[in-house]
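This report describes the architecture of the structure shown below, with attention to strand pairing, chain contacts and local backbone geometry.

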Amino acid sequence: MATNTTTLQGTFTGTGGPVFIPFVSGIDWLQVYNLTQMNASPNPHAGIQWYWQRQMIAGSGIEYFNTAGTQVLNAAFVTPAFFLYDSTNPPQNAPVVIAAGTNAVQPVFTTGTTTNLFTGSIVRVTNLATTPNLNGYDFSIDTIIPATSFRVKNALANAPGAVTGAGFYQLISSFGPTPQTNVPYWYPSNRRIVNITQANPAVITTSVDSAYIAGQAIRLAVPPQFGMTQADSLVVNVISVNGGDITVNLDTTGFTAFKFPLNTVYPFTPAQCVPVGEETDQFSNPNLLDDATINTGQTGIVLMGGINGPAGQNADNIIWIGGKTFNGS
Amino acid sequence: MLAATAGFINCTGGVNGDNPTEITRADVDEVVRTLLNNNAYTIMDNIEGEDKFGTAPVRDAYFALCSTQLTGNLDNVAGFIQKNQYPAPMNALRSEWGAIGNLRFLVSSIGSFFANASALGANVFNIFCVGMEAYACIEQDGYSASFIYRPPIYDGPLALNASVGYKFAEVPRITNDLWVINLRATLA
């Protein structure tokens, strides 16, 4: 046997969505077994075993399944199943047409294609005809109606100012919201602010969920177009985080109201929060590297979920073994 | 790391109809003014004027790190000084393209950009304008990266296969976020 081969194995519980398995040294083959479905006889059938090898076309896999309602084994070459994934160089998904969007604090975008969108996915909108103020923003999304629409998850301070005409969206976070939530892959990264409440403590809303944690320090950048200029350049500490909302130790009750620039204000620099460090008394045994910027990039393979996906359905018990061969090509 | 975490300013002085726009002198002036107001030290000393045709003195400057894709746009910015117009071109760095105001531009073919990230879906190029000691790499355990080559003799009795690999042990860190600004621009 040649040297320099590696084999890894593991297990996970399915959620129904895609699952990412990191392989630091690369991967040439993978076998997956769904122990939950192995002894069942579901109708319609569910996959019980999968195989992938590097020479197979992108996204494909060999699926073994029990014929519907029986335990008679069958097989098929299926897509989608497995995708190689490098989070430092994620796939550039093609722009998808948006037909229209609502003039609301959580705009709803109408589109005929919602393939691969999940609650929490990150999309970038561009070329919106009547709301250029939204163009170039990345948004976390929710309320996905298949082949119909999706909604901006984190509410803007105000509606963008017009009903949105035709444009495009581009899926930035491929293969579902987890585990590829760090977009970009350096953590913590800056985020664009879409609202700041006039309250004590203030709540900052970002267009994409921040994944910040309590104790981190962030600097606010609030250009004049966003109203609350008193908050510009302030460094604040994170008290708590809930999705796209960040509660910080800042009293904004006397500040000018935050406003999201209307569609007539264009171009501009977005309001943003920039991670700059930490309040060390929030951490036990802090050290100088606690607030370093971390490279979370990983290489590996994504298993698609679902009744006929290798990542299985919710609560499915799944085991896998995969590796790198010396002469893979 | 800088692309993901540094604060940014969009170029807005251009006329290409995008957001950000192409780079203009007004955008450069805004960045320089911001770095000066933040008490960032310049990295390069000034180059004193000399009595030579076609040359101009160069101010002390911050570094602006960007993609080679931007070179044509830089040429068109008001006040741009090509490095061959420096009074002492030998003081220019190999990767240097020229200077605008208090920024000296260093270009790289692997300069940072975000694909399809502008308002109109064009590539957005990151121009990292940095003052002295704005960021650092902390090398852990006394080294930053190792490139490891093992000749075939280590493979086995027949010495058939060599191997190479690499490993990193370093932490990047912005030491003062006020001293680094990402000026974002699209192409004209």
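This is a predicted model: local features need pLDDT of at least 70, side-chain atom pairs count only at pLDDT 80 or more; totals for chains, interfaces and linings use all residues.

## Strand pairing in chain A

Strand β3 (residues 29-34) of chain A and strand β4 (residues 47-53) of chain A are joined by five bridges in the antiparallel sense, and Q31(A) has Y51(A) in β4(A) as its bridge partner. β4(A) also runs antiparallel to strand β5 (residues 61-66) of chain A, with four bridges between them. Here Y51(A) stands opposite I62(A) in β5(A).

## Overall form and domains of chain A

Chain A contains one helix and 24 strands. Its C-alpha trace spans about 70 × 50 × 35 Å along the principal axes. Of the 329 residues of chain A, 41% count as buried. Among contacts in chain A between residues at least 6 apart in sequence, 72% join residues at least 24 apart.

The domain assignment divides chain A into domain 1 (6-87 + 298-324), domain 2 (96-171) and domain 3 (187-294). The centres of domain 1 and domain 3 of chain A, taken over C-alpha atoms, are separated by 40 Å.

## Contact between chains A and B

At the interface, 30 residues of chain A are in contact with 28 residues of chain B. On the side of chain A that touches chain B, the elements giving two or more residues are β11 (122-126), β14 (167-171), β18 (216-221) and β21 (272-278) of chain A. β21(A) supplies the largest share, four residues. By residue class, this side of chain A divides into 15 nonpolar, 13 polar and two charged residues.

## The loop around S41(A)

S41(A) lies in the loop between α1 (35-38) and β4 of chain A. It counts as partly exposed because it has 14 C-beta neighbours inside 10 Å. Apart from neighbours within four places in sequence, S41(A) is in contact with N66(A), G69(A), T70(A) and Q71(A). The C-alpha atoms of S41(A) and V72(A) are separated by 9.0 Å, although the two residues are 31 residues apart along the chain.

## Helix α2 of chain B

Helix α2 (residues 25-37) of chain B has 13 residues and reaches 18 Å from its first C-alpha to its last, close to the 18 Å expected at 1.5 Å a residue. Its buried residues are D27(B), V28(B), V31(B), V32(B) and L35(B). Because these residues cover an arc of only 135° around the axis, they lie on the same side of α2(B). An α-helix has 3.6 residues a turn, so residues three or four places apart point the same way.

The elements covering the buried residues of α2(B) include β1 (8-10), β2 (62-67), β4 (96-100), β5 (103-108), β7 (124-130) and β12 (180-185) of chain B. On the face turned away from the buried side, α2(B) carries the exposed residues R33(B) and N37(B). Just after α2(B), N39(B) takes a positive phi of about 60°.

## Local backbone geometry

Two cis peptide bonds may be described here. One joins N200(A) and P201(A), with omega about 0°, and P201(A) is found in the loop between β16 (191-196) and β17 (203-206) of chain A. In chain B, the peptide bond from N19(B) to P20(B) is cis, with omega near 0°; P20(B) lies in the loop between β1 and α2 of chain B.

N127(A) has a positive phi of about 60° and is placed in the loop between β11 and β12 of chain A. With 19 other C-beta atoms within 10 Å, N127(A) is partly exposed. A159(B), in the loop between β9 (145-150) and β10 (163-168) of chain B, has a positive phi of about 50°. A159(B) is exposed, with 11 other C-beta atoms within 10 Å.

Conventions: Residues are numbered from 1 along each chain as its sequence is written. Chains are lettered from A and ligands numbered from 1 in the order in which they are written. Two residues are in contact if their C-beta atoms, placed from the backbone, lie within 7 Å. Ala, Val, Leu, Ile, Met, Phe, Trp, Tyr, Cys and Pro count as nonpolar, Asp, Glu, Lys and Arg as charged, and the others, Gly among them, as polar. Domain bounds come from an automatic or database domain assignment. Two strands pair if DSSP finds at least two bridges between them. A residue is buried if 20 or more other C-beta atoms lie within 10 Å of its own, exposed if 12 or fewer, and partly exposed in between; C-beta atoms are placed from the backbone. The expected span of a helix is 1.5 Å times one less than its number of residues. The arc is that of the directions from the helix axis to the C-beta atoms.
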